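Subject: Structure handover

Hello,

Here is the structure I promised to pass on. Please open it first, then read my notes below.

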Amino acid sequence: MRSIKKTLALTVSGAAVVTGGIVGVDMATSQAAGSGTVHTVRDPLTVRAKPTTHSRAVGALRKGTKVTIYCQQRGQRVTSPWGSTTWWDKIGTNRWVSDAYVSTGHRGRFTKLCNGSTGGDTGTGKMPGAPRANPYPPAMSRAPHLTKRAAFVRAEMQKAFPGIRCDVSAYRPGSKTDHNSGNALDCFPGRFGSFAKGANLKEGNTAAAWLRKYAGRLDVQYVIWQNRIWNMSRASEGWRDYGRPGQVTQGHYDHIHISVNAPVQH
Ligand SMILES: [Zn+2]
């Protein structure tokens, strides 16, 4: 929304950025997500359970927070200093924000209509075929050296997605990350430190969906991408909120994190 009209207070004072909750948005079965930036005057933007301010508040997002918009739907009319609209943006399962307070570069709807059921529609391109089955047992190494199991995943990623570069990453003292044991990869469809956009975002979405689909064959334990995590051990829950909205690297908006199954630690 852009044009200036009168103000409506659609804000919660003193609310912190709220995270958590299950986000059942399934990137594998969806198409054409958009993105936007929370554009409030001062206060956080209330996230609602339904596309109306009369529904339950389920969170709040600070001004400047980047959001992924899975689809859009008509709801209650909301007027902000930037205009008046009945469009609402779906940013997760039972998570809606008025488009009046989201800067998208478009007036009104610019992405898919929500179908009202499972509602996920993150864009994916053509899915590459199945990878080979990972022949390597769980193992430990020390970054920057990958385990054979993780190196195999990198090689299969490289074949399926030649445009995505996967790094082992450096040893991180004092950290328990899977990178340290050589069991994790960070894969960049675009540049480190930049929100993946356009073709890079789409390729990342496709790769994330592919990794999820073939996690069993690849021995992938979990995948993090676009502030969402999918874990083999909680596979039925789909993609869940990772809880770092708007943080480019912490929120994994610039890279896909892949952890492979490692030995059980005693
Ligand atoms: Zn990582």
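Helices (H or I, at least four residues) and strands (E, at least two) are DSSP runs, numbered from the N terminus. With those labels, Thr 177 sits in the loop between S9 and S10. Please note that this is a predicted model.

The overall picture

The protein chain holds three helices and 14 strands. It has 266 residues, and 45% of them count as buried. Take the contacts between residues at least 6 apart in sequence: 69% of these join residues at least 24 apart.

The six-stranded sheet

Six strands make an open sheet, in the order S9-S10-S14-S11-S12-S13, with antiparallel pairing. S9 (165-167) and S13 (240-241) are the edge strands. Each has a single partner strand, so one side of each lacks a neighbour in the sheet.

Two helices pack on this sheet. H1 (residues 148-160) touches S9, S10 (184-188), S11 (220-225) and S14 (256-260). The direction of H1 makes about 20° with that of S10. H2 (residues 198-213) touches S10, S11, S12 and S14. The direction of H2 makes about 160° with that of S11.

Now look at S12 and its partners. S11 and S12 run antiparallel and are joined by four bridges. They form a hairpin with two residues between them. Gln 226, in that turn, has a positive phi of about 55°. Across this pair, Ile 224 has Ile 229 of S12 as its bridge partner.

On to S13. S12 (residues 228-231) and S13 are also antiparallel, with two bridges between them. Ile 229 stands opposite Arg 240 in S13, and Arg 228 has Asp 241 in S13 as its bridge partner.

Which residues of S12 lie on its covered face, and which on its uncovered one? Arg 228 and Trp 230 are on the covered face. Ile 229 and Asn 231 are on the uncovered face. In a regular strand, side chains alternate between the two faces of the sheet.

A second hairpin

Asp 89 stands opposite Val 97 in S7. S6 and S7 form a hairpin with two residues between them.

Asn 94 is in the loop between S6 and S7. It is not a glycine, yet its phi is positive, about 55°. Why does Asn 94 count as partly exposed? Because 17 other C-beta atoms lie within 10 Å.

Loop details

Most residues other than glycine have a negative phi, and most peptide bonds are trans. Two further spots are worth checking against that.

Ser 169 lies in the loop between S9 and S10. It has a positive phi of about 85° although it is not a glycine. Ser 169 is partly exposed, with 19 other C-beta atoms within 10 Å.

Pro 144 is in the loop between S8 (102-103) and H1. A cis peptide bond joins Ala 143 to Pro 144, with omega at about 10°.

Back to Thr 177. It counts as partly exposed because it has 14 C-beta neighbours inside 10 Å. Leaving aside neighbours within four places in sequence, Thr 177 is in contact with Arg 172 and Ala 184. Thr 177 and Ser 259 are 82 residues apart along the chain, and their C-alpha atoms are separated by 9.3 Å.

Best wishes

Definitions and conventions:
Residues numbered from 1 in each chain as written. Predicted model: local features only at pLDDT ≥ 70, side-chain atom pairs only at ≥ 80, totals over all residues. Pairing = 2+ DSSP bridges. Contact = placed C-beta atoms within 7 Å. Axes fitted to C-alpha atoms, helices over the stretch in contact; angles between N-to-C directions. Buried ≥ 20, exposed ≤ 12 C-beta atoms within 10 Å, placed from the backbone.
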